[in-house]
Structures are given as C-alpha cells and as structure tokens.
Amino acid sequence: MAPSSSSGLTFKLHPLVMLNISDHFTRVKTQLNPPAASCATGNGSSNADATVLQNPRVYGCVIGLQRGRTVEIFNSFELLFDPTTDTLDRSFLEKKQELYKKVFPDFYVLGWYSTGSDATESDMHIHKALMDINESPVYVLLNPAINHAQKDLPVTIYESEFHVIDGVPQSIFVHTSYTIETVEAERISVDHVAHLKPSDGGSAATQLAAHLTGIHSAIKMLNSRIRVLYQYIVAMQKGDIPCDNALFRQVSSLLRSLPAAESEKFHENFLMEYNDKLLMSYLAMITNCTSNMNEVVDKFNTAYDKHSRRGGGRNVFM
C-alpha cells in the first residue's frame with residue numbers, strides 16, 4: 001500500500017470527473033468487447049489478452065484550479081495512449097488543452113487519470129512526462145472492479161514524492177485524502193442519474209411501470225374518497241343522516257379552490273400553457289439531439305484522425 005502524502009494540500013474532487021472517467025471506461029470496454037461477441041472465444045488468445053479486453057485501461061487529463069493549499073478538480077478530458085512508446089499522445093494532449101483553454105480560461109491541467117486497481121511502475125513514467133506541464137501533477141485512479149462490500153468511492157488520488165529507498169532517492173506515489181465538492185448543476189445531475197435506474201438492478205421500463213403504478217394507486221384512492229364524500233352528502237340531502245353544516249362549508253371551500261374548468265378563459269390559458277410546455281419539450285429534444293450528434297461527430301473525427309495517422313487520409317468532418 002502506498003504511503004500517505006505529506007504535502008499538506010487539500011483536494012476537492014467534483015462528481016463530473018468520476019462520471020467522465022466511468023463513461024470513458026465503459027465506452028472503451030464496450031468497443032473492445034461488444035455484447036454480441038462477449039461469449040465468443042478467440043483461437044489461441046491468452047489469459048492476459050482476455051484480461052485486457054475485460055478491464056482495458058483508459059487515460060485522460062484532469063483540470064481545475066489551485067487556490068493556495070487547496071486543489072479543486074473540476075473536469076477532465078480524454079487522451080490517447082501510444083502503445084509503441086508507452087506514453088500519452090503529446091500532440092493530441094496539447095490540442096485538447098488548447099481547446100479547453102478557450103472554454104475554461106481559468107482552468108489548467110492539474111494532472112491525469114487512469115483506471116486500475118493500483119498504481120504501477122509504468123504509471124510513474126507517464127506521471128513524470130507530465131511534469132513539464134505541471135511540476136506537481138496529481139494522479140486520479142478509478143478502480144472499475146465492482147466490490148459490493150466496499151462503502152468508499154473506488155477513487156484514489158496520488159501525488160509523487162521523493163523518498164530514499166535503499167540509499168537511492170526515488171519518486172514514488174503517495175495517496176492523499178480528498179473530499180467531494182459539488183455545485184448546483186452537479187447535484188441536480190447526480191440526483192437525476194441516481195433516480196434513473198432502480199437500485200435493485202431493474203431496467204428503466206421497470207422503474208417507469210412502478211412510477212405509473214404509484215400514480216394509478218393515488219388516483220384510485222382519491223376517487224374512492226370523493227365517492228365516499230359524495231355518498232355522504234347525498235344521504236344528508238335525502239334526510240337519512242342529520243346535516244353537518246361544518247362539512248358543507250369545507251366542501252364548498254374545496255370546490256371554490258378548484259379552477260373553473262368550463263370557462264372560456266380557463267381553456268384559453270390552459271391551451272397557452274400546454275403549447276408552451278410542448279414547445280419547451282420540443283426545443284429540449286432538439287438540443288439533446290444536437291448535443292448527441294456533436295459527440296458522435298467528435299468521436300468519429302478522433303477515430304478518423306487516428307486512422308489517418310496510421311494509413312493516411314483526410315478528415316471529412318471539419
């Protein structure tokens with residue numbers, strides 16, 4: 001186990017970083033091991049290759065701010081790993097850094113991220129290669145292995161320190177503590193994701209069915225209570241039971257609080273509100289589709305650029 005850091009820095013990690021790393025790992029794993037071929041076995045493939053397919057490593061940079069002794073990691077972006085040199089693609093890193101600097105001028109590269117169970121010796125080579133961008137980079141490691149008994153987040157933040165080992169000064173990883181910091185937009189997003197899928201592993205359709213069942217039960221209960229109240233008032237009107245003026249006043253007050261559903265003004269206001277809601281839903285759908293299309297084009301450009309560097313070609317999406 002890596003020793004603890006002695007730098008005295010305070011680290012704050014935003015949920016967006018963990019979501020980005022998890023999404024990056026899930027996409028790469030799905031591309032390398034698609035569901036249709038997950039049960040197929042290659043001829044002569046080694047156990048090491050199978051392990052790589054099941055748990056591929058992904059790499060990227062983390063960006064944010066450092067105010068005094070407080071380091072706040074806000075966001076991250078993906079990087080390409082060059083297997084021939086066992087380092088990150090430096091030209092791609094500089095290009096992404098330039099683009100992010102235009103959108104987030106106050107943020108700068110704080111370090112990098114990867115996936116795995118523990119920091120390795122090869123990670124130190126990547127870590128040292130980034131020291132010309134940040135002299136004290138941080139290393140955010142996400143463990144994608146599912147451990148239901150673990151209560152802590154599977155995220156570890158490392159710093160590098162010089163320690164004398166067997167009389168030789170060496171750079172080693174030391175883990176540091178961190179806290180989760182959120183802004184309003186992240187809290188809304190995390191809450192939405194948390195309620196998007198049931199905790200018991202059911203599908204989204206199962207959750208929708210449960211939600212509609214709850215609404216149906218509530219409406220059914222309301223209808224039964226209204227029917228009981230109606231029958232009670234009819235019985236008082238027939239003289240079967242004595243009149244209760246206090247109850248009549250409560251029913252009258254309740255009815256007056258309801259909108260005049262038969263008035264022309266109500267229909268006009270209702271249709272206007274309804275059309276506004278439809279327009280907002282339509283605009284939100286267009287925005288979502290445009291965002292998804294931009295992500296697909298960006299991913300295609302990245303794949304095409306990588307292919308062009310190998311075999312030559314020209315990118316058609318500019």
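In this predicted model, the count of cavities of 30 Å³ or more comes to one. The space in this largest cavity is about 50 Å³. Its lining is made up of Ile63, Phe77, Gln97, Tyr100, Lys101, Phe104, Phe107, Tyr108 and Val109. Both α3 and β6 supply at least two residues each to the lining, and α3 gives the most, with three residues.

**Sheet**

Two of the lining residues, Ile63 and Val109, also face one another in the sheet: Ile63 stands opposite Val109 in β6. The strands β2 and β6 are paired in the antiparallel sense, over six bridges. They belong to an open sheet of eight strands with mixed pairing, in the order β9-β8-β7-β6-β2-β3-β1-β10. At its edges are β9 (168–176) and β10 (178–180), each of which pairs on one side only. On average, neighbouring strands of this sheet are turned by 35 degrees against each other, direction ignored.

**Helices on the sheet**

Helix α1 (residues 15–32) lies across β1 (10–13), β2, β3, β6, β7, β8 (155–165) and β10. Helix α4 also packs on the sheet, where it touches β2, β6, β7, β8 and β9. The table gives one angle for each of these helices.

| Helix | Strands touched or crossed | Angle |
|---|---|---|
| α4 | β2, β6, β7, β8, β9 | about 90 degrees with β9 |

**Nonpolar cores**

The largest nonpolar core has 21 residues; Cys61, Leu79, Leu88, Trp112 and Tyr139 touch the most other members. Two or more residues of this core come from each of β2 (59–67), β3 (70–79), α3 (90–103), β6 (108–115), α4 (121–129) and β7 (138–142). The largest contribution is that of β2, which gives four residues.

Which residues is Leu79 in contact with, leaving aside its neighbours within four places in sequence? They are Tyr59, Gly60, Cys61, Leu88, Phe92 and Leu93. Among these contacts, Cys61 and Leu88 are, like Leu79 itself, core residues that touch the most other members.

Notes
Residues are numbered from 1 along each chain as its sequence is written. This is a predicted model: local features need pLDDT of at least 70, side-chain atom pairs count only at pLDDT 80 or more; totals for chains, interfaces and linings use all residues. Side-chain values use heavy atoms; hydrogens and water are left out. A nonpolar core is a set of buried Ala, Val, Leu, Ile, Met, Phe, Trp, Tyr and Cys residues joined through side-chain atoms within 4.5 Å. Buried means under 20% relative accessible area, exposed over 50%, partly exposed in between (1.4 Å probe, protein chains only). Contact means heavy atoms within 4.5 Å. Two strands pair if DSSP finds at least two bridges between them. Axes are lines fitted to C-alpha atoms, for helices over the stretch in contact, and angles run from 0 to 180 degrees between N-to-C directions. On a 1 Å grid over the protein atoms alone, a cavity is a set of points where a 1.4 Å probe fits but cannot get out, and a pocket is an open set with protein on both sides within 12 Å along at least five of seven lines; lining residues have an atom within 4 Å of a point. Grid points are joined across faces, edges and corners, and a volume is the space filled by probe spheres set on the points.
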